[in-house]
Amino acid sequence: MLERIRNAFQILSRDADVERALKEVQRALIASDVDVRLVADLVKEIKGAEIPKGVPKSRYVMKLLYDRLVDILGGHKRPFPVVPQRILLLGLYGSGKTTTAAKLGHWLQKRGLDVILVAADTHRPAAYDQLKQLAERANLKFFGIPGEKDPVRVVEEALKQKADVYIVDTAGRTTLDEDLVDEVKRIRDVLIPEKTLLVIPADMGQSAGREAERFAREVGIDGVIVTKMDGSGKGGGALSACAAAGVPVYFIGTGEHIKDFEEFDAAKFVSRLLGVPDIEKLAELAEETEINVEDILEGEYDINKFYAQIKATREMGPIDKVLEMLGIRSVPKELKKMTEEKFKKYDAIYKSMTKYERAHPEVLQDPSRIKRIARGSGTSEEDVHEFLRDYKRSEKLVKKLRKKGSRKQLERMLASGRLPIPK
Amino acid sequence: MFDAFRKTLRKFSDTVATVAGTGVTIREEHVDEALDELEMSLLQADVALDVVERLRDALKEKLVGTKVRNASEIKEAIRRALEELLDLPAPKIVPPPETPYIILFVGPNGVGKTTTIAKIAHMLSKMGYRSVVSASDTFRAGSIEQTEEWARRVGARVVKHDYGADPAAVAFDAVKSAKARGEEYVLIDTAGRQETNENLMEQLRKIKRVVKPHITVFVGEAITGNALLNQIRTFDEEVGVDAVILTKLDTDARGGSAFTVTVGAGKPILFVGLGEDPDDLKPFSPKELVEMILS
């Protein structure tokens, strides 16, 4: 989808065929599961738009498209309140509720709140164990009663525990049936949640809208979390459905790990999808992993920075994601495919280097140094050479980045709060 | 469900009926008109965009030149054409072509792999076959307990290691012990993964190298939209997929995803999942699916 919309924008920016560009956009939106009717309406509206005098048609259409896309996907960010509260998580089977409970808990905990996860899914085998293990991994409080069949009792008991935030994970169903509505209502009457959040996976097709509407109508929801945004599904169905139902999307899940979770902002999302980098997100990630991305991009590049990059890759997800946020799409394959084994090797190699060697990689042409490092790290000389080759590739990339002066330029662009669309 | 489609069909057959009498041969322009309107309904039923176009061509090829005498014959022709498009030869897994017969299950997170495996073990056990489930999802919290609980319910044996263990090692042990005990089936459960994750794909290839499964089955959801095509294609390219199981067909899904699997990805559908009970697994029937779409 991204490619197609970007193509469409390129066609437009070259002042070429507006009709053809719109067709591309239409296909792109449908392919990303945006409600077919919504897409038809959008295209009709843009085709029928009156173009102000003196404005090139393509530029005007571009701007209109950007604005309407942001609207369709939910408008500007509605920040999730960081306050003591009770949160009820709902969703169908396999939407990712339990994982999301832990991610949301981690997110709130990092902002200073004392969070407890409550296992009120008493249907699915091992749901209790799953949430408990996740809570342990994320260092969050946990409450559940093994073997208890009544979720209401679990919630009642959980509320006797001390915490700022209660996140209640509930049972899913294959579809929202009477049974589930009834159960949710009974839990709600005891919990009295400030926020009832629906969890929807990004790859859900045209039924996403129908499910969201049904949940909104039957039990009432305050917001949505869209999961699995890292797969092929682009969330078009889920995001547009929520916007249509007037329900805010607060967060998106972007990976398997607890940190792969971010606040959703349609304007930002559209910017990213059109190829405009997201500096804010990058800074946020950098802060969390204590890696200063600015440092990597500025100043002398050396092995210390290369190592920091490798570590960052592992801690905050693939470096290509990060670089993509900087608008860079050509990432050396070697960095993308950093496997566990390779990382362990590289880690050992790095640790066997002297401080001087790390800051002055040029001395590493000396075979005796290579030999020593290989012996010290329990790897082969070939491994050390590979490390150095990867380092050089990375150095080249960073130099290219710097030459472009992309960072400053991009920051300026974002500071103006607008897409770089000439009026 | 396919309201617009049904209306189109009716219009289509009406037109033909007025011309007919002695019988008429379906021509390209007949089909074109009908298919233009059909396209929207197919998209709304979650047939992937690229597949809609191929479905169009395929239907055209099958219908043009067919002789029909009346409305019901036209309907019948369309029905047959749709059925044929869904009907790809699927591998036969019962009785076990070899002992033990090893099946590897792969797919995205949350599609119902573990539940599906339990249903298959249940089905096999009703037919008198013993299966062992390899708890090779060592990543997702609670997955091992979930597998054990299901296995207990359906009477299958589980081979497990701890969380974080090498999934291939678990599978290896499962196969080895099945051989020793003469069990007929080894069902290997794996962690759900997004197809975009290179490292995790490599992990699946490793399992394949180590235990050499007889078939690899992709488990996907009928409610997945356009992403389904890419999911199956990527899993197929990365690890190889022999057949597909579509879950959650009892939900709001409109069945169009079946065309994405067969016409789009060219893979046969082995079973469909229709509910939460161990018995809610059915061999895939093109006839029933077309019925579901058209009725």
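Reader: Are B:Tyr101 and B:Tyr185 buried or exposed?

Author: Start with the cut-offs: buried means under 20% relative accessible area, exposed over 50%, and partly exposed in between, using a 1.4 Å probe and protein chains only. Here B:Tyr101 is buried, and B:Tyr185 is buried too. One caution: this is a predicted model, where local features need pLDDT of at least 70 and side-chain atom pairs count only at pLDDT 80 or more, while totals for chains, interfaces and linings use all residues. As for bookkeeping, residues are numbered from 1 along each chain as its sequence is written, chains are lettered from A and ligands numbered from 1 in the order in which they are written, and side-chain values use heavy atoms, with hydrogens and water left out.

Reader: What about aromatic pairs: how many does the structure hold over all chains?

Author: Rings of Phe, Tyr and Trp (its six-membered ring) pair if their centres lie within 6.5 Å; planes under 30 degrees apart are stacked, over 60 edge-to-face, and the rest tilted. Over all chains the structure holds 11 such pairs. Helices (H or I, at least four residues) and strands (E, at least two) are DSSP runs, numbered from the N terminus. Over in chain A, ring pairs join A:Phe80, A:Trp107, A:Tyr250, A:Phe251 and A:Phe261 into a cluster.

Reader: Which residues does B:Gly107 touch?

Author: Contact means heavy atoms within 4.5 Å. Leaving out residues up to four places away in sequence, B:Gly107 touches B:Lys113, B:Ala191, B:Gly192, B:Arg193, B:Phe218, B:Val219 and B:Phe235. You'll find B:Gly107 in the loop between β3 and α5 (113-126) of chain B. B:Gly107 counts as buried because its relative accessibility is 0%.

Reader: Now backbones. Which peptide bond is cis at B:Pro95?

Author: Most residues other than glycine have a negative phi, and most peptide bonds are trans. The bond from B:Val94 to B:Pro95 is cis, with omega near -10°. Another cis bond joins B:Thr99 and B:Pro100, omega about -10°. B:Pro95 lies in the loop between α4 (71-86) and β3 of chain B, and B:Pro100 lies in the loop between α4 and β3 of chain B.

Reader: And what is phi of B:Lys248 near?

Author: Phi of B:Lys248 is near 60°, positive in a residue other than glycine. B:Lys248 counts as buried because its relative accessibility is 8%. Phi of A:Asn139 is also near 60°, but A:Asn139 is exposed because its relative accessible area is 62%.

Reader: Last one: how many salt bridges cross the interface of chain B and chain A?

Author: A salt bridge is a side-chain nitrogen of Lys or Arg within 4 Å of a carboxyl oxygen of Asp or Glu. By that rule there are 2 across the interface of chain B and chain A. B:Asp50 forms a salt bridge with A:Arg27, their closest N and O atoms being 3.8 Å apart. The contact takes 41 residues from chain B and 41 residues from chain A. On the side of chain B that touches chain A, α6(B) gives the largest share, 5 residues.
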